[in-house]
Amino acid sequence: MPEKHAAAKDRSTVRSLLRLWPYVRPVRTRLFSAAFVAVVASCLGLVIPLVLKWIVDGPVAGRDPGGVWLGALALLLLGVAEAGLFGMRRWLVARPLAGVEAAMRADLYRHLQRLPVAFHDRWASGQLLSRGTTDLMLLRMFLAFPLTFLLVNAVTILIGFGILLDQQWTLGLVLLAPIVPLVILCSLFESRYAVVARLAQDQVGDLTTVVEESVLGIRIVKGFGRHRSQARAFRELSERLRGTELGKARLLAGIWALITTIPEVAIGAALVLGTVQVADGGLSAGTLVAFLSTALALRWPVESIGFLLAMSQEAATATERYFEVMDAAPESSGSGAADAAMSGATGVAGVARITEAGVAGATGAIGSTEVADHARDAGAAEVGAAGGREVADHARVARAAEGLCFEGVEFRYPDAPAQSAPVLGRIDLRVRPGETMALVGSTGSGKTTLTALVPRLHEVTAGRITLDGEDIAAMPRERLRRLVSVAFEEPTLFSASVGENVRMGAEDAGEPELGRALDIAQAGFVRALPHGVDTQVGEQGLTLSGGQRQRLALARAVVGRPRFLVLDDPLSALDVHTEALVEAALRRVLEGTTALVVAHRPSTVMLADRVALLSGGRIAAVGTHRELLRTNAEYAWLMSGAEPGSQPRNGQSPREAGPETGTARSTVAEAGPEAEPEGGPSAGAEAEPEAGTAPSAAAEARPEAGTAPSTAAEARPEAGTAPSTAAEAPRAVSGSGGTAIPAAAATTHEDDPTGPADGEAARPAGQDVADGALGRPEPRDGPSHGAAQLPAAPSSGHAEGSPR
C-alpha cells in the first residue's frame with residue numbers, strides 16, 4: 001500500500017486538459033455539433049422572457065384572450081424545441097465519448113505492457129487500476145457534460161446580459177456588479193479544490209490496492225485469521241478517504257453557497273429598483289417581467305460555475321494521473337542503428353575481456369577442463385606468423401561469440417543510490433552452444449536478477465550480453481523473446497484455458513506441439529480435467545496445485561522449442577518422483593538448446609553440463625559439478641549443507657554419524673591390511689585431512705587384494721591409462737521408498753595437462769562427503785576411460801550417501 005504519491009505537476013487546469021486533444025480530435029465534429037446544438041437550445045430559453053414581455057404588454061394589457069392563448073402556444077413550442085435539442089446533444093456525444101474512453105484505456109493497457117519491469121516494481125497495482133477505471137470515467141463525464149456546458153453557459157451569459165442591458169441598462173449594471181467577487185472566489189476555490197481532488201483520487205488508488213491484495217491473498221488472510229486486521233486497515237483507509245471527500249464537499253458547498261447568494265442579492269436589488277421605476281412610469285410592467293425572467297434564466301448558468309469548475313478540476317487531476325503513466329519511458333526497441341554500431345565497435349574488445357577474465361578465474365578456482373578451454377582460446381592468437389595469427393584470432397573470436405555470453409556485465413537497480421554497490425559486478429560467463437549451465441548461489445546472490453537480464457526484463461548497467469555473437473541490446477525485443485524462453489520461479493497463470501496459458505510460449509503452436517510440451521513437463525493431469533486443455537484455470541491458476549502450475553509454466557517455456565532457455569528453479573514445487581520424470585524429459589530438451597538453469601538443489605544441478613557459482617554478485621567459480629565439489633568449499637557447502645572440515649558431534653565416527661550431525665553420512669570405508677593390487681604397486685594415496693576433520697576420515701585408503709578400494713581414496717590409474725580425478729563408487733540414496741540411485745561416473749582429464757598425477761594426495765574426506773550428498777548421475781558426462789566403478793563398503797545399519 002503506497003503512502004507516498006506522485007507530486008502533481010505545476011500545470012494549469014487548461015493546459016492539463018489540452019493534453020486530451022489527440023483523443024478528442026477524431027470526434028471533434030460531433031462534439032462541436034453537440035456544443036452548437038446546446039447553445040441553440042440555451043438561447044431558445046432566453047427567447048421565452050421576450051414572449052412573456054409581449055404577452056404582458058400586449059394581450060394581457062389589451063384584455064385579448066386569443067393573444068394569450070397564442071403566446072402560451074409559442075411558449076410550449078419553445079419548451080419542446082429546447083428539450084429536443086438537449087436530447088440531440090446527448091445523443092451526439094454518447095457514442096464518440098465512449099469511444100474516446102475505450103481508446104484511452106486501450107492505450108494505457110498497451111503502454112503498461114511496454115513499460116519496464118522496474119516501473120511495475122515501483123508502482124502499486126491499485127494505483128494503475130484506478131487510473132484505468134475511475135480516472136477515465138471522470139474524463140468521459142467531463143467531456144460529455146462540463147466541457148460542453150462551460151462553453152454553452154459562457155455563451156448564454158454573454159447573450160443574456162446583452163439582452164438585459166438592451167432592456168434596461170441601469171438594472172443590467174446592477175446584475176453585473178457581482179462579477180468581480182465571483183471571479184476571485186472561483187480562483188481561490190479552484191486552487192484549494194485541486195489539492196483535495198488529487199489527494200482523494202490517490203487515496204482511491206490506495207484503497208483499490210488493499211482490496212486487490214486482500215482478494216488475491218484471501219488464503220493467507222483466512223489461514224492466519226487476519227480478517228480483522230485487514231478489515232481494520234481497510235476501514236482506516238476508508239475513513240481517510242471519507243474525510244477527504246467531506247473536505248471536497250465542504251469546499252463545494254462553500255463556493256456553491258456564495259455563487260448562489262451573490263447573484264440572488266443582485267436580482268433582489270434589481271427587482272426593487274425596477275419596481276420603483278414601474279411605479280414612476282419610467283418602465284413598463286412587461287419590460288420588468290421580461291427583465292426578471294431573463295435574470296432568472298441566467299441563474300443556472302451562473303450557479304453551475306462552481307459545480308462545473310469542480311468537475312473540471314477533477315478531470316484535470318485525472319488527466320495528470322493518466323499521463324503520469326503514459327509519460328513513463330517504455331522499453332527501448334533495441335534495434336536502432338546507433339545501438340548496432342556501438343555493439344559492433346565493442347565486440348572484439350568484449351570477447352578479449354571475457355577470455356582473459358575466464359583464464360584468470362579458471363587457474364584460480366575452477367576445474368582443469370575450463371583451464372584447457374581458455375588456454376586453447378588464448379594460445380590460438382600466438383599460432384603461426386602474422387597472417388596465421390590473424391586467422392587464428394578471427395576463429396577464436398567467432399568461437400567465443402557463440403552461445404550465450406555475459407561480457408563484463410554489471411547491474412544496479414534504477415532506483416538504487418548512485419553510490420551503492422551494483423547487484424551484479426563484472427559478470428564474465430559463457431554458455432557454449434547446446435550446453436546447459438547451472439547457476440548456483442546462496443539466497444540473495446543475484447541469480448534471478450542475472451537470468452532476468454537475458455530476456456531484457458532489466459537493462460544491464462554496464463557490459464553486454466550476446467546470443468551467438470549478437471548483442472541483445474541491438475536486437476528487437478520481439479525477436480529476442482522469440483529466441484529466449486523463460487520459466488520463472490513463481491509460476492504465473494492467467495484466467496484462461498490450459499491450452500491458452502501454454503501457448504503463450506508459442507502462439508502458433510498446434511496440438512502436437514502442445515501435447516509434446518505437456519508430456520515434457522509431466523502435465524498429464526490436464527487430460528483428466530473436465531474439458532482437457534480447454535479447462536479454465538481461474539485467476540492466477542489458483543484452481544490448480546502449486547506443482548501443477550509449475551509444470552504448466554515449464555510446458556509454456558518449452559512449447560516453442562526455443563534456441564535459448566532460461567529456467568529459474570523450475571522444479572522446486574515437485575515431489576521427488578515427478579521431479580525425476582521431468583528431469584528425464586528435460587534432458588532430451590536441453591540437448592537441443594542452450595540453457596541457463598538456476599538451481600538450488602543437487603537434483604537440478606545434475607541437469608547441467610557445467611556449473612557457475614555466483615557469490616556476492618560475482619562469478620566465483622565455473623566448472624563441472626564434481627570439480628567444484630573438490631575445489632570450492634562454498635559450493636560443497638551449498639550442495640551438501642555441511643560445513644567443510646566439520647566433524648560429527650559426540651565423538652561419533654563418520655560411519656556412525658547420521659543426518660542429525662548436520663553433515664552428510666560419511667562414505668569412508670576403513671581400509672583393511674595393505675596389499676598390492678594386481679598390476680603393480682598400490683595406487684592408493686594417503687588422504688590428508690582438512691583441519692577439524694575426524695581422524696578416521698583421513699585414514700589411509702588402501703585396497704586389499706581382490707577387494708574394492710575405499711570410496712574415500714582417489715583411485716589411481718594403471719600405467720598407460722589416462723589419469724582420473726576420482727574413481728567414485730556407486731552409492732545408494734535411501735529415500736522414502738528405498739529407491740537406490742547410482743552415483744555419478746568418474747570424470748576424466750584427458751585434455752587437461754593439469755590433471756592429477758600419480759602420488760597426488762586423495763581429496764579430503766569432507767569434500768568426498770559433499771560429493772556423496774548428491775547420489776545422482778551427471779547425465780552427459782560419460783564414465784572415465786581410466787577409472788573403474790567399484791562398489792562402496794556400506795556402513796553397518798546405514799545406507800551410504802545422504803538423503804536428498
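Two worked exercises follow on a predicted model.

Residues are numbered from 1 along each chain as its sequence is written. In this predicted model, local features need pLDDT of at least 70 and side-chain atom pairs count only at pLDDT 80 or more, whereas totals for chains, interfaces and linings use all residues, and side-chain values use heavy atoms, with hydrogens and water left out.

**Exercise 1.** Determine how helix α9 and helix α12 are oriented, and which residues meet.

Solution. Begin with the axes, which are lines fitted to C-alpha atoms over the stretch in contact, with angles from 0 to 180 degrees between N-to-C directions. Those of α9 (residues 169-176) and α12 (residues 227-280) come within 8 Å and cross at roughly 165 degrees. Angles over 145 count as roughly antiparallel, and α9 and α12 are therefore roughly antiparallel to each other. Next, list the contacts (heavy atoms within 4.5 Å): T170, L171, V174 and L175 in α9 meet A266, I267, A269, A270, L273, G274 and Q277 in α12. By class, this contact has 8 nonpolar, 3 polar and no charged residues, with Gly counted as polar and Ala, Val, Leu and Ile among the nonpolar residues.

Definitions and conventions
Helices (H or I, at least four residues) and strands (E, at least two) are DSSP runs, numbered from the N terminus. Angles under 35 degrees count as roughly parallel, over 145 as roughly antiparallel, 65 to 115 as roughly perpendicular and the rest as oblique.
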